[in-house]
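Biologist: Hey, I'm new to this one. Can you walk me through it?

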Amino acid sequence: MTRLNKISFAKIGTPAKGVVVGLAAQGLGTGEITTGLVSGLTGGLARVSEIGGFSGKAKTSLDLVAPSGLDLDRLIVFGIGVPGELTRDDWRNFGGAVYASLKKTKTETATVLLDAPEGVELGAEEAAEFAMGAKLRAYEFDAYKTKKEGDEAKKSLKLTLQVADPKTARKAWNTADAIADGVILARNLVNEPANVLGPVEFAAKASALEKLGVEVEILGEKEMKKLKMAALLGVAQGSVRPPRLVVMRWNGGKKADAPVALVGKGVVFDTGGISIKPAGGMEEMKGDMGGAAAVTGAMHAIAARKAKANVIGVIGLVENMPDGNAQRPGDIVTAMSGTTIEILNTDAEGRLVLADAMWYTQDKYKPSIMIDLATLTGAVLVALGNLNAGLFSNNDDLADKLLASAKASGEPLWRLPLSKDYDKIIDTPNADVKNTGGRWAGSITAAQFLQRFANDVPWAHLDIAGTAFGAPKDDICQSWASGYGVRLLNQLVADHYEK
Ligand code: BES
Ligand code: MN
Ligand code: ZN
């Protein structure tokens, strides 16, 4: 849910009511917020900022009750820091921070004057990024809160952004809004508890993308058995809830163009199976479908903004439960690829799901590249914490593209190695491969395992166990689930796979 229910654009100088936010850059005082609307305040503002000690430092603000005689309730002067140093990340974060100040005022009408102080570039892209930040900051997962505080529940905010050129800003916002909706879809899927969101229910949510023109195909147990997906099915067999494999296809490119393939781990709940996890923190494993959520969210974004690219999203949906019928440590399964896998730990289940989902994807759709996203290992949290996802790739060009898209979208990635020597760690005398190489380099050996199912397709694996949920709250995310990966994947497609 969100209290921010409408963002619109108007031309700078349009009269505004309610709470008005003006920007001030550091070192330039507050003179730059002199629009027709607040010009009466200019002199006074300079004085108040001096007395209030407001310098325009980034993300500081000065909140003033508007003097009588003006049509406004309050005026918030928001600092954007030193001109000339502002990035897309900054504008997105400013949008989030300004939304937070507006929420505190409880206003239902607000206008932000995106009027560039001297030396600051503030075009349509920056305005759209700002709007996206506000929208993402406003997201709350409160669907199960039956008691909302008084009138709060009803109050919603209409936000107008005044810009130099509303037409181009609206166009940029159409795109950014589609991406934000994709992020929010991913957040909702991850936040949703596992009793509500099982494999069947998740597949139904993916089907809803049909209204955007995405072709959605759902494979059930019978079809997967026929395809010999014993690795995925082995994980699912301990749950009373049947697995699903969902294929989402967006055909926005030329018919002949090989698609970009996105593959997601969708373990709706990971108890560990027979190798059961300790009780402490196990509730977090409702988020073990964060990879599938990111892929679904990215498909939403790509379709909603009508990307001129062919993109397919494949998600493997299972629940990992201990049960009389659950698979055991020591079991050996034959994956769809023909590779035999010795299961040493039933808690290393994500790679088993991906083994069949990835093999199927490359075999059936012959993609130009394949990227899998998975909350795969606790070890990636040990290595990188919540601030970077781990990147592994068999292809330097793809890895470099992903690193560039990570920078551009503000969803950071850090590359970790793959090599033959790491690969040996998952050899076993009993089968072609074992599903865990033990504690050391746990994220790398997991990636080595996946690489065996990428065949020879340029492939990258993003271990998002640290970034999909539980990261520290920030300007644009106050929710447990972050929606990590949606902006990154969308950026990659936009920058490299679109005409
Ligand atoms: N879903 C977990 C990984 C995980 C841990 C995600 C913490 C998010 C937060 C995964 O299925 C798992 O259990 N991995 C094991 C692998 C081990 C048994 C080789 C792990 O990381 O401990
Ligand atoms: Mn596990
Ligand atoms: Zn898992």
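Modeller: Here's a quick chat about the ligand and the salt bridges. This is a predicted model, with local features needing pLDDT of at least 70 and side-chain atom pairs counting only at pLDDT 80 or more, while totals for chains, interfaces and linings use all residues. Residues are numbered from 1 along each chain as its sequence is written, and side-chain values use heavy atoms, leaving out hydrogens and water.

Biologist: Which residues come nearest to ligand 1?

Modeller: Lys-277, Asp-288, Asp-347, Glu-349 and Gly-378, out of 17 residues around ligand 1 (around means a heavy atom within 4 Å).

Biologist: And by class, what's in that shell?

Modeller: The shell has 7 charged, 5 polar and 5 nonpolar residues; Asp, Glu, Lys and Arg count as charged, and Gly is among the polar ones.

Biologist: What does the side chain of Lys-277 do there?

Modeller: One of its polar atoms lies 2.8 Å from an oxygen atom of ligand 1, a polar contact (N or O atoms within 3.5 Å). An N or O atom in the Asp-270 side chain is 2.9 Å from a ligand 1 oxygen.

Biologist: How much of ligand 1 is buried?

Modeller: The protein buries 80% of the 520 Å² that ligand 1 exposes when alone (Shrake-Rupley method, 1.4 Å probe).

Biologist: Switching topic: how many salt bridges are there?

Modeller: The whole structure has 25, each a side-chain nitrogen of Lys or Arg within 4 Å of a carboxyl oxygen of Asp or Glu. One of them joins Glu-129 and Arg-92, at 2.8 Å from N to O.

Biologist: Why care about where those two lie?

Modeller: Glu-129 is in helix α3 (residues 124-138) and Arg-92 in helix α2 (residues 88-105), so the pair ties together parts 37 residues apart in sequence. Helices here are DSSP runs (H or I) of at least four residues.

Note on methods. Chains are lettered from A and ligands numbered from 1 in the order in which they are written. A polar contact is a pair of N or O atoms within 3.5 Å; within protein, one must be able to donate a hydrogen and the other to accept it, and residues adjacent in sequence count only if both atoms are side-chain atoms.
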